[in-house]
Protein chains: 2
Amino acid sequence: MDFSTQFNYYVARTEKALDQLLPPAATRPARIHDAMRYSLQAGGKRLRPVLVQSAAALFRAPLHDPLPAAVAIECVHTYSLIHDDLPCMDNDDLRRGRPTAHKQFDEATALLAGDALLTYAFELLTHHYPADPGFALVRELADAAGSRRLIGGQMEDLLAEKKSDATADELEFIHLNKTAAMIEASLVLGGLTSGATESDLAALRVFGRELGLTFQIVDDILDATADSATLGKTAGKDAQAGKTTFVRLHGLEGARRFAREHTARALASLTKLPGDTAFLRQLVETMLVRNH
Amino acid sequence: MDFSTQFNYYVARTEKALDQLLPPAATRPARIHDAMRYSLQAGGKRLRPVLVQSAAALFRAPLHDPLPAAVAIECVHTYSLIHDDLPCMDNDDLRRGRPTAHKQFDEATALLAGDALLTYAFELLTHHYPADPGFALVRELADAAGSRRLIGGQMEDLLAEKKSDATADELEFIHLNKTAAMIEASLVLGGLTSGATESDLAALRVFGRELGLTFQIVDDILDATADSATLGKTAGKDAQAGKTTFVRLHGLEGARRFAREHTARALASLTKLPGDTAFLRQLVETMLVRNH
């Protein structure tokens, strides 16, 4: 199977699992479950669930189905987008061409739907796995989503937006936590469902961190260089907002060099992993050269 | 030890554990940890952590320290208050005489601090307990806090506020989920840390549900009958807002009779539990006759 066929296969399995594993929209109270489904089923790349499944596939015949963990990660990702879109945060009316949750429903429902998706991730992990590996899955996800990682990255990002002189150190903290933490967790969760060893998990963690950093730096490069039509969203938004970006701090050439270095480190980590790592290799290479 | 000395002892242990178990305020990013501590250390009755500890005390020499579970429950309770106070929900400026989180910081910080406290509850449970009983603790807490219970109760409460003709069934759903779910979970978590059996847990669950319902009905009675000075908050608020309350649906005498019936059921469940249940008996009796 070539890379994009494999990617689409993982995405299709994710969509099906999302539909099957979420509480039915009619579950009481219907409005909250309707809002959870609305945001979760809005499409998107499904990068994190793909990573969970592709990490699980590296190891011997899967011990446990990786899909509940993949859905749990996507629930946490979606909750963070819903809360990020709220008026008190980024105040976005549209996401992927559709009204954001607080526009489609109302602010209170969006707030609660975000809370519910975060909580549901832990319901999923404790109802679809036994304590081994379920307990480790919960710990990994809670740490990645917590105040020192995902939420910490969002907090620091909000603070950085208010000043045009964020430092390289602050920007690195944001990238490592707002973006890389959940990508790293996706790979670790996949490994945990399939009996990865401690050293496998360490290699997956490095791969996730470097993939996440590549992803974020390329995002900054595209924001500074691509036109809106190619990008599929408003280009130059960060620069206009006076936000400190990777490109602004290190220059375009510097940013491109950093992206290549992170890609190289991601590829190096793959050599420490068993199984067929071709899919993950192509994923990080595609990430580096993407134009949208 | 008499009842109130025992209660205060549990509260003092809770306050100490809150300070010890939360990330230090200076942990990066400081602002989010500062906001988490601000809301969590605002005082309050600490009813839920007291319940965790008193349930744990019923069983043989504690297998595990109940305090991390007690703090986890209080984190979830506090997150729900922070989000409930936001402008898009109840829009409250004050809680327990202090500015609410979004007034003291800003809305975005309050939103993220709530998210962080919810997540931190699961970090605590997975870092302070082994998989047994940690995994069961996570499952119980996630279910109680999820879209079918705590959040579902809040959603239904919001919907009920918009109409003056909520039904007895809707009101029962709100009481069972917005109020009783976390009280029930507190008792079950306490039992789980101390090796309670399945039948112990079932009795604790009944006790928690009946205690929670008593608590909520008495709240409605006090709102309708007490003066603001005794209550320590504005009395008659619900009636003025045109909100359907238990008293409005069943009359004062009906509400009082329901409260007595739930208390009786709570007391009956205690006879199925081992150990000295005097504290829990006095707690529910005190709850029934409280005037604020």
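**Ground rules.** I number residues from 1 along each chain as its sequence is written, with chains lettered from A and ligands numbered from 1 in the order in which they are written. Because the model is predicted, local features need pLDDT of at least 70 and side-chain atom pairs count only at pLDDT 80 or more, while totals for chains, interfaces and linings use all residues.

**Chain A overall.** I found 14 helices and 2 strands in chain A (DSSP runs numbered from the N terminus: H or I of at least four residues for helices, E of at least two for strands). Its radius of gyration is 19 Å, close to the 19 Å of the globule rule for 292 residues, so chain A is as compact as a globular protein of that length (taken over C-alpha atoms; the rule is 2.2 Å times the number of residues to the power 0.38). Buried residues make up 53% of chain A (buried means 20 or more other C-beta atoms within 10 Å of a residue's own, exposed 12 or fewer, partly exposed in between, with C-beta atoms placed from the backbone).

**Helix α1 of chain B.** I checked its length: 19 residues (3-21) should span 27 Å, and the end C-alpha atoms are 27 Å apart, which agrees (expected span is 1.5 Å times one less than the number of residues). Which residues of α1(B) are buried? I noted B:Phe7, B:Tyr10, B:Thr14 and B:Leu18. They cover an arc of only 80 degrees around the axis, which puts them on the same side of α1(B) (the arc is that of the directions from the helix axis to the C-beta atoms). The face turned away carries the exposed B:Thr5, B:Ala12, B:Lys16 and B:Gln20. Among what covers the buried residues are α2 (30-40), α3 (47-56) and α4 (67-85) of chain B.

**B:Cys88.** I looked this one up in the loop between α4 and β1 (94-95) of chain B. B:Cys88 is buried, with 20 other C-beta atoms within 10 Å. Not counting residues up to four places away in sequence, B:Cys88 touches A:Glu107, A:Ala108 and A:Leu111.

How values were computed. Two residues are in contact if their C-beta atoms, placed from the backbone, lie within 7 Å.
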